[in-house]
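Please load the model in your viewer and keep the sequence panel open beside it. The tour below moves from one selection to the next and says what is found at each stop.

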Amino acid sequence: MTTIGHPIAETVRQDPAIPFDVERVRQDFPILRERAHGKPLVYLDNAATSQKPQVVIDTLTRYYRAENANIHRGIHYLSERATEAYEGARAAVARFLNAAEPREIVFVRSTTEAVNLVAQSYARPRLQPGDEVVISAMEHHSNIVPWQIVCEQTGAVLRVVPINDAGELVLEEYERLLGPRTRFVAMVHVSNALGTITPVRRIVELAHGRGVPVLLDGAQAAPRLPVDVRALDCDFYAFSGHKAYGPTGIGVLYGKAPLLEAMPPYQGGGDMILSVSFEKTLYNVIPFKFEAGTPHIAGGIGLGAAIGYLTGIGLERIAAYEHGLLAYATERVGAVPGIRLIGTAKEKTGILSFVVKGVHAHDVGTILDQEGIAIRTGHHCAQPVLQRFGVPATARASLAFYNTRAEIDALVAGLHKVRETFA
Ligand code: C6P
């Protein structure tokens, strides 16, 4: 039986001994050859969503052209092939995160859905009035609002770990907040607004020392850093396919098997059951218990292809390359007069948030857009963290491993144009 999707394309499997070849990598991303407003596209909005390599695009089109069928249901040829490919993708995700087994990988819609699933299915039945859920001051709304909802439903209380002026978690405060009523910790791994890498190992260790389970929001971390959920010992880990060079509409929730097994279903419907009668329904085993209805089959298979592509290059090499590019960008952008960088943590990934003195972030974004440069402006769905820095909005350039120093130079030239326009 042939598998759907490319075997990890040899064209992208780079020899670890050879320096990272960004020009070669760029050839794998057809969209990078597009122009915007007549200028070469400079895509620096990767934290919002990343671009897709050809292997992902090909996998999706081949699936729809030649393999499309529903999964886990049919005994016919196509259905078996699609099922095998989808479950193969689950196994690839498990290896990517170093999960103990594929059944610890639940396919969901996104990071957002993963956090909501844990809040409603794990936390809600366990929370009593006065219990506490700990998050940090640099969470994305997706890791704030689901906890606020569950706190409203149960009478539990949200506790927020502060950050310092560099945008780093204040670990002593975290330790202080972990108290006798703490029942759950939900923490970002890499901040989307600041780029800060949080000390996740220590965060988990301290929580576990008090018997408290931890969810890590890996939306920005999984595409940028090697993630080993067993080394981290986190209880849950969430990320989105579309930020990891895969399709939109597919995301991942990793959960330790005994925890997932003990949780009630999040939604009811087809495929999440073993048997149904009007008297009693028996639920399916994990992970299917959490995957009600026809899933995003193409999305799962496409994510498998994206993960194959990423591991073909190597997350260590990706992280190292992006680290060098971030250092270059920080120096170059930071040297533009009137720029204030927001988020200067020692441990950072390729996310550069800044404000330009006297210019609204949206104007910065609009002028850069005219130069063909895509960045994000606004609150980045992380309003509390911007409030912490006393700004309503920032301009954010977020890097991927296909970005180049020349593109950073284009950004810097664009920022000079912004300053000239508003001088
Ligand atoms: N951040 C950004 O531009 P979804 O939308 O479910 O795929 O991801 C939500 C999410 C959760 N946590 C973090 C740390 C994130 O960065 C995001 C998505 C995008 O920063 C879109 S708002």
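Begin by selecting the ligand together with domain 1 (17–46 + 314–416) and domain 2 (61–311): both domains give residues to the shell around the ligand, so the ligand lies between them. The domain bounds come from an automatic or database domain assignment. This is a predicted model, in which local features need pLDDT of at least 70 and side-chain atom pairs count only at pLDDT 80 or more, while totals for chains, interfaces and linings use all residues. Residues are numbered from 1 along each chain as its sequence is written, and side-chain values use heavy atoms, with hydrogens and water left out.

**The two domains**

Colour the two domains separately, and you will see centres that are 27 Å apart, taken over C-alpha atoms. To the contact between them, domain 1 gives 36 residues and domain 2 gives 31 residues, where contact means heavy atoms within 4.5 Å.

**The ligand**

The ligand is surrounded by 19 residues, of which the closest are T112, D217, S240, K243 and R376. Sorted by class, this shell holds 6 nonpolar, 9 polar and 4 charged residues; here Ala, Val, Leu, Ile, Met, Phe, Trp, Tyr, Cys and Pro count as nonpolar, Asp, Glu, Lys and Arg as charged, and the others, Gly among them, as polar.

At H140, by contrast, a polar side-chain atom lies 3.4 Å from a nitrogen atom of the ligand. Of the 510 Å² that the ligand exposes when taken alone, the protein buries 89%, with accessible areas from the Shrake-Rupley method with a 1.4 Å probe.

Now select T377, which lies in strand β16 (residues 376–378). T377 is buried, with a relative accessible area of 18%, since buried means under 20%, exposed over 50%, and partly exposed in between (1.4 Å probe, protein chains only). The side chains of T377 and H362 are joined by a polar contact of 2.9 Å.

Move on to T404, in the loop between β17 (394–398) and α14 (405–421). T404 counts as buried at 9% relative accessibility, and, leaving aside residues up to four places away in sequence, it touches V22, E23, R26, Y321 and L325.

**Backbone stops**

Most residues other than glycine have a negative phi, and most peptide bonds are trans. Where along the backbone is the peptide bond from I286 to P287 found, and is it cis or trans? The bond is cis, with omega near 0 degrees, and P287 sits in the loop between β12 (281–283) and α10 (297–313).

Finish with H37, whose phi is positive, near 50 degrees, and which counts as partly exposed at 47% relative accessibility. Y245 also has a positive phi, of about 70 degrees, but Y245 counts as buried at 2% relative accessibility.

Note on methods:
Near = heavy atom within 4 Å. Polar contact = N/O pair within 3.5 Å; in protein donor to acceptor, adjacent residues only side chain to side chain. Helix = DSSP H or I, 4+ residues; strand = E, 2+ residues; numbered from the N terminus.
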